[in-house]
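The stops below move from strands to helices.

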Amino acid sequence: MLAIAVRTENDERHPRVTAEALASLIRGIGGRRDRFVVIERLPDVPDFYIQVWHEAGGEYTLEHRAGSAEYHYQVRLDGPEPVIAAMTGWARLQDGWDAGLEWTLLDLADGPGE
C-alpha cells in the first residue's frame, strides 16, 4: 500500500491504494466526470501533490507541486504509462521519479480572475 490518498473528479477518495490500483485509476480516466486524478501524501502536506488530467482522445497533462506556486510544474504526455511511472515514483518517494520528462513551470498568474 502507498502512503497516499487519491481523489478523482467523480468525488471518489481512495486512501492507501496499491500501485496496481493507482495504475488502474489512471488508465480509467478520460470520460465525462472522470478526467482527473489527484494524489496527496498521507499524512497530508499542504501544497504537495501530483495530478493528471486527461480527456479521451487527447494527451495527458501531468502536474506536480512542491510547496508554493513557484514549484508547480507540468508536462504533457501521449499515453498513460509514463504518467503511471511518474505518479507511482512520486508516491513511493523514489529518487529521480521526475527524470526524463520535459517539465515546464506552470504560470498560475494567468489563471482565472487574474
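Helices, with at least four residues, and strands, with at least two, are DSSP runs numbered from the N terminus. The model is a predicted one.

Begin at the end of helix H1 by selecting Gly30, which follows H1 and has a positive phi, near 135°.

Next, display the sheet. It is open and has seven strands in the order E2-E1-E3-E4-E5-E6-E7, with antiparallel pairing. Select residues 13–15 (strand E2) and 104–105 (strand E7) to see the edge strands, each of which pairs on one side only.

Within this sheet, select residues 48–54, strand E4, together with residues 60–66, strand E5; the two pair in the antiparallel sense over seven bridges. Show the side chains of Gln51 and, in E5, Glu63: these residues stand opposite each other.

Return to H1 and select residues 19–28. The helix lies across strand E1 (4–8), E2, strand E3 (36–41) and E5, and it runs at about 20° to E1.

Which residues of H1 are buried? Select Ala19, Leu22, Ala23, Leu25 and Ile26, the buried residues of this helix. They are on the same side of H1 because they cover an arc of only 160° around the axis. To see what covers these buried residues, display elements including E1, E2, E3, E5 and H2.

How values were computed
Residues numbered from 1 in each chain as written. Predicted model: local features only at pLDDT ≥ 70, side-chain atom pairs only at ≥ 80, totals over all residues. Heavy atoms only, no water. Pairing = 2+ DSSP bridges. Contact = heavy atoms within 4.5 Å. Axes fitted to C-alpha atoms, helices over the stretch in contact; angles between N-to-C directions. Buried < 20%, exposed > 50% of the residue type's maximum accessible area, 1.4 Å probe, protein only. Arc of directions from axis to C-beta.
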